[in-house]
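The sequence and structure come first.

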Amino acid sequence: MRYFLRRAGFFLATLWAAITLNFLIPRLQPGDPAEAIVSRLGGQSQAIDPAQVEAVRKMLGAPDGNLLTQYGDYLAAVLQGDFGISYTYFPYTVTHMIGQGLPWTLVLVGVTQIVSFIVGTLLGAWAAYRRNSRVDSVITLGSTFVGTLPFFWLALVLIYVFAITLNWFPSGGGYGGGSNPGWTWLFFSDAFQHSVLPAVSLLIVGPIGWIIGMRNNMVQTLGEDYARLARAKGLSRRRIALTYGARIAVLPNVTGFAIALGGILGGTVLVEAIFNYPGLGRMMLEAVSNRDYPLMQALFLFITVGVLIANFLADLLYGVLDPRVRREEAV
């Protein structure tokens, strides 16, 4: 019980620190988004009118007062789920825009991350089970070669071959202009066609890290003394690989998978930018480009909280999978 209470206390302390840093970092950055908007509307050659800047700041609901007052207002707003109005998508609120982009990112990145983890872990375990064989060589060398290919290059090749040359799939976007978002078969089939190329580009490189990590961890685990003792007792090779090898070797992958799942909320900026996919990754890129501080803060906070929650759950799972962790914590 002490192990789980300590993990919960560490989670709450880290969450408070993350929220505080998320408040401070945008305010320490140079530049004023209101000035940037006025300058963009009036042109670079015209002088900036302070009255116009102040009017834009009031229109956008920019915070005022000293830093401590802003911090108190920020904490109260976060607890209420109020992140303000987006400068980029005015007059829509940040919560509304995140709600629009979150389902796209969860479906695309979430499904590909889970599939990549399962496929990569199984292939890595198989390569370790058949180590020094042809299967091991093919899996290891093949994954190493694919891992050296630039991701953006693979995405562009997929667009050129399957979207431009063969015209099998759309080259970008989340859905076509002929379908409206809704719970209809037409929309879902259209959205699926638009998600194929981004998903394939993620699935090509996604399992590489899990394959290499699982293979190396399991080979090392099977060389430990308890694995040798199990072989001396006459246990089958398959039982040793599953019970003594895969169960222990998968623990580092669980931590990495937790971090990857937490990062789902941030989307994949590169893939969503290349395929013009309407997820949180592309939204973050637009927020940074336009100095949209409310949207940036909310997205960064979503990513941070997602990673913290995933790590917290991974710590709890560690305590279940490996009782030694709880015993060491109690000492």
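## Surface and burial

The model is predicted. In this model the protein chain exposes about 18,500 Å², and carbon and sulfur atoms supply 66% of that area. The chain has 331 residues, of which 40% count as buried.

## Fold

The secondary structure consists of 14 helices and 0 strands. Read along the sequence, the pattern is therefore α-α-α-α-α-α-α-α-α-α-α-α-α-α.

Contacts between residues at least 6 apart in sequence were also examined. Of these contacts in the protein chain, 73% join residues at least 24 apart.

## Aromatic pairs

Across the whole structure, a search finds 3 aromatic pairs. One of them is formed by F117 and W210, whose ring centres lie 5.2 Å apart. The planes of these two rings meet at 85 degrees, so the pair is edge-to-face; the cut-off for that class is over 60 degrees. F117 belongs to helix α5 (residues 94-129) and W210 to helix α8 (residues 185-222), so the pair ties together parts that are 93 residues apart in sequence. Are the two partners buried or exposed? F117 has a relative accessibility of 14% and counts as buried, because the cut-off for buried is under 20%. W210, at 11% relative accessibility, also counts as buried.

F162 and W168 form another aromatic pair, with 5.8 Å from centre to centre. The angle between their planes is 45 degrees, and the pair is tilted. F162 counts as partly exposed, with a relative accessibility of 27%. W168 has a relative accessible area of 55% and is exposed, because the cut-off for exposed is over 50%.

## R228 and helix α9

Where does R228 lie? R228 is part of helix α9, which covers residues 225-232. The relative accessible area of R228 is 45%, so this residue is partly exposed; that class lies between the cut-offs for buried, under 20%, and exposed, over 50%.

R228 and I240 are 12 residues apart along the chain. The C-alpha atoms of R228 and I240 are separated by 9.3 Å.

Conventions: Residues are numbered from 1 along each chain as its sequence is written. This is a predicted model: local features need pLDDT of at least 70, side-chain atom pairs count only at pLDDT 80 or more; totals for chains, interfaces and linings use all residues. Side-chain values use heavy atoms; hydrogens and water are left out. Helices (H or I, at least four residues) and strands (E, at least two) are DSSP runs, numbered from the N terminus. Buried means under 20% relative accessible area, exposed over 50%, partly exposed in between (1.4 Å probe, protein chains only). Rings of Phe, Tyr and Trp (its six-membered ring) pair if their centres lie within 6.5 Å; planes under 30 degrees apart count as stacked, over 60 as edge-to-face and the rest as tilted. Contact means heavy atoms within 4.5 Å. Accessible areas come from the Shrake-Rupley method with a 1.4 Å probe; for residues, only the protein chains shown count as cover.
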